[in-house]
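Thank you all for coming; I would like to take a few minutes to walk through one chain. Please keep the sequence and the coordinates open while I talk.

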Amino acid sequence: MEAASSIFSSFISMLFICFILVIFSITIVDAEISESKTIGRGLKAYQQLYGRKELAAFFNDNEKDIDIIATYSDASGTIRTSRVKMKDLSASWVLENPINGDPSKQNGSQVFKLKDSYQASTTSEENVEHFIDDHHLQEDEIENRHQASWSPVKFKRQMLRQKRRDLRTAELVRQVKEADKQMEATAAIENLKNMDPVVKGKYSIWRRDFENPNSDSTLKLMRDQVIMAKAYANIARSKNQSDLYYSLLKHVGQSLRVIGEANSDSELHPSSLDQAKAMGHALSLAKDQLYDCRTVARKLRAMLQSAEDNVDSLKRRSAFLIQLAAKTVPKPLHCLPLQLAADYYFHGYQNKRDLNLEKLEDPSLYHYSIFSDNVLATSVVVNSTVLHANEPEKHVFHIVTDKLNFAAMRMWFVLNAPQKATVQVENIDDFKWLNSSYCSVLRQLESARVKEYYFKNHPSSLSVGSDNLKYRNPKYLSMLNHLRFYLPEVYPKLHKILFLDDDIVVQKDLTPLWDVDLKGMVNGAVETCKGSFHRFDKYLNFSNPKISENFDSDACGWAFGMNIFDLKEWRNRNITQIYHYWQDMNEDRTLWKLGTLPPGLITFYNLTYPLDRTWHVLGLGYDPALNQTEIENAAVVHYNGNYKPWLDLAVAKYKSYWSKYVRFDNYYLKLCNLSE
């Protein structure tokens with residue numbers, strides 16, 4: 001009995017021990033499961049530490065989930081290890097990147113550390129809240145608490161959803177902007193409809209087109225009535241209806257007197273409406289008696305043709321008069337050389353010798369050539385150049401003029417010599433080597449055909465001669481104009497020279513031009529072609545095979561007026577002989593019409609180095625719409641064209657660039673009434 005009792009007691013003890021072991025095992029397994037879930041929540045809670053993009057990049061680099069060996073202490077204090085997945089980590093685990101502080105390792109593989117921060121629930125909540133406060137992400141944390149546990153697949157879906165949201169947002173923004181633009185356009189149209197049609201001012205004193213369209217409605221009506229009355233009057237005369245014919249002519253005369261010089265209704269005579277009504281009644285009677293569609297249409301076409309012919313005739317007359325005004329010397333400019341020449345001989349300045357002769361042939365100095373018969377224009381070129389020169393004592397000006405103006409030109413620069421600079425004035429007639437046996441232009445001037453063309457065959461009327469006046473001006477065969485092709489002969493000891501026209505103004509120091517590398521070219525000039533404008537086909541006759549076989553019609557043109565010439569290279573390439581060859585070929589004027597630019601383009605073809613456009617701005621003598629900033633920034637501005645700054649034709653807004661270099665207090669200018 002005692003033995004059975006002992007066995008039973010042992011059994012009970014073993015059963016109790018087994019029960020305790022089972023309970024202990026269950027506790028450990030529950031702890032491990034709890035830890036795995038907590039790790040998953042921890043990853044989600046600390047997802048904001050790295051951001052979705054960083055985690056997404058991490059998981060994209062690792063297509064499979066990561067096995068993580070987690071080390072922790074169980075309830076009994078025993079240290080244990082467990083293999084878990086990334087998605088199973090709880091919120092008590094902190095995901096860290098140990099290489100964040102080392103930029104040199106950023107390009108390597110990402111390494112993350114999971115640190116056990118399991119504490120009591122109160123402590124865990126405080127840590128999470130502290131982290132959120134540091135990163136200002138309270139709202140995102142609240143949202144994360146209501147979402148399911150994070151996984152790469154879900155994260156990818158979230159990224160796709162976010163992308164769709166962004167695209168939809170952009171589309172909505174675009175639609176809103178289009179709606180706003182449409183509303184603005186509608187509002188603008190409504191404003192135009194509601195605009196007061198009363199004339200409050202004129203947009204331009206030059207263009208009548210910009211006036212209010214309703215401001216001359218009565219005037220237009222009366223002008224149209226005059227046209228129709230003239231048409232019906234001609235038809236009435238052709239049908240021998242003299243009463244109607246004279247009645248219409250009477251009304252035409254009355255309407256024209258009422259219209260007068262009016263350009264708007266406000267300028268019409270007060271009786272204009274009564275006259276318009278009377279004319280309308282007369283036209284109604286004429287229409288009842290004479291109207292025939294074909295006859296009226298034929299008469300109106302004839303009147304239109306006649307009006308176009310009159311307009312063309314007026315245009316030709318206008319062109320002729322502009323050319324005439326541009327080539328006519330104003331009285332003050334004619335007076336100036338006469339006064340200077342008289343005093344030159346009266347005071348014996350013809351016996352005065354030039355100073356600084358050693359500078360005239362010194363190649364180390366800055367030499368300029370100016371060929372002109374205009375004293376005032378030449379003085380502006382010299383004054384403006386010296387004023388902007390950094391070292392004026394190193395500048396030498398070689399001025400060549402004709403026999404008629406030599407005394408006046410020399411007298412001016414004797415009395416008004418520029419400070420420190422050297423000026424030499426020469427007479428072209430003193431160049432004995434420049435004769436018809438050597439110079440093509442002089443030889444052509446001796447031919448009877450050229451004399452007939454330039455000096456005898458003048459137009460008999462304005463309308464006939466409008467196109468020919470420019471081409472038949474003997475100035476274009478003047479040797480002063482063509483002397484630019486003989487620079488090495490004129491200045492045999494110089495290496496480089498800057499050629500300047502007399503209608504330019506210098507606004508900056510020009511000495512850097514002597515340092516420009518011309519790359520073996522002879523001529524340095526600013527190109528003038530813009531798009532299809534100012535190319536060779538504008539200046540040369542490419543229908544002639546001599547031109548078309550030797551030159552490119554699309555080659556870019558350039559400008560005379562400010563050109564730097566390498567005289568050493570000129571002599572090596574025998575440029576003057578090239579000029580002579582083509583000038584002889586054009587004796588019958590079939591290759592080009594006039595001037596020095598076409599033979600210059602031919603002579604220096606493929607021998608011209610393009611300078612920066614800021615060196616030389618052209619067009620102040622014909623284009624009133626030039627860019628003001630370009631003019632002010634230019635080193636040289638050029639009044640090429642008919643509107644020279646010393647003429648009344650000059651463009652008013654450009655004249656000040658030239659006139660500020662004229663000494664209007666000069667005795668001779670006052671004597672000849674030359675003023676601003």
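**Disulfides, sheet and helix packing**

I will begin with a disulfide, the one that joins Cys-335 to Cys-672, with a sulfur-to-sulfur distance of 2.1 Å. Please bear in mind throughout that this is a predicted model. The torsion about the S-S bond of Cys-335 and Cys-672 comes out at about -70 degrees, so this disulfide is left-handed. Where do Cys-335 and Cys-672 lie in the chain? Cys-335 is in helix 10, residues 331-346, while Cys-672 is in the segment after helix 26, which covers 667-671, so the pair ties together parts that are 337 residues apart in sequence. Both of these cysteines, Cys-335 and Cys-672, are buried.

A search of the whole structure finds 2 disulfides, and the other link that I want to describe joins Cys-529 to Cys-556, with an S to S distance of 1.7 Å. The link of Cys-529 and Cys-556 is left-handed, with -100 degrees about the S-S bond. Cys-529 sits in the loop between strand 10 (523-525) and helix 19 (536-539), and Cys-556 in the loop between helix 20 and strand 11 (562-566), so this pair ties together parts that are 27 residues apart in sequence. Are Cys-529 and Cys-556 buried or exposed? With buried meaning under 20% relative accessible area, Cys-529 counts as buried at 11%, and Cys-556 is buried at 17%. If the bonded cysteines of the chain are numbered in sequence order, the pairing reads 1-4, 2-3.

Two further cysteines deserve a word: Cys-293 counts as exposed at 52% relative accessibility, whereas Cys-439 counts as buried at 0%.

What is the strand order in the open sheet of 7 strands? The order is 7-6-5-8-11-10-12, and the pairing is mixed. Strand 7 (422-427) and strand 12 (608-610) stand at the edges with a single partner strand each, so one side of each is left without a neighbour in the sheet. Neighbouring strands of this sheet are turned by 25 degrees against each other on average, when direction is ignored.

Within that order, strand 5 (residues 366-371) and strand 6 run parallel and are joined by 6 bridges, and the bridge partner of His-367 in strand 6 is Val-396. Strand 10 and strand 11, by contrast, run antiparallel and are joined by 2 bridges, with Gly-524 standing opposite Ile-564 in strand 11.

Strand 6, residues 395-401, is mostly covered, and 7 of its 7 residues are buried. His-395, Phe-397, Ile-399 and Thr-401 point one way from strand 6, while Val-396, His-398 and Val-400 point the other way, and all are buried. As for helices that lie across these strands, helix 11 (residues 375-388) lies across strand 5, strand 6, strand 7 and strand 8 (496-500), running at about 175 degrees to strand 6. Helix 12 (residues 406-415) lies across strand 6 and strand 7, and runs at about 170 degrees to strand 7.

Now to the packing of helices. Helix 6 (residues 217-238) and helix 9 (residues 293-327) pack at an angle of about 115 degrees, with their axes 10 Å apart, and helix 6 passes helix 9 in a right-handed crossing. On the side of helix 6 the contact is made by Ile-227, Met-228, Lys-230, Ala-231, Tyr-232, Asn-234 and Ile-235, and on the side of helix 9 by Thr-295, Val-296, Lys-299, Leu-300 and Met-303. How do the residues of this contact of helix 6 with helix 9 divide? They fall into 8 nonpolar, 2 polar and 2 charged.

Of the contacts in the chain with a separation of 6 or more, 73% are accounted for by residues 24 or more positions apart.

Definitions and conventions. Residues are numbered from 1 along each chain as its sequence is written. This is a predicted model: local features need pLDDT of at least 70, side-chain atom pairs count only at pLDDT 80 or more; totals for chains, interfaces and linings use all residues. Side-chain values use heavy atoms; hydrogens and water are left out. Axes are lines fitted to C-alpha atoms, for helices over the stretch in contact, and angles run from 0 to 180 degrees between N-to-C directions. Helices (H or I, at least four residues) and strands (E, at least two) are DSSP runs, numbered from the N terminus. A crossing is left-handed if the near helix is turned anticlockwise from the far one by less than a right angle, and right-handed if clockwise. Contact means heavy atoms within 4.5 Å. Ala, Val, Leu, Ile, Met, Phe, Trp, Tyr, Cys and Pro count as nonpolar, Asp, Glu, Lys and Arg as charged, and the others, Gly among them, as polar. A disulfide is a pair of cysteine sulfur atoms within 2.5 Å. Buried means under 20% relative accessible area, exposed over 50%, partly exposed in between (1.4 Å probe, protein chains only). Two strands pair if DSSP finds at least two bridges between them.
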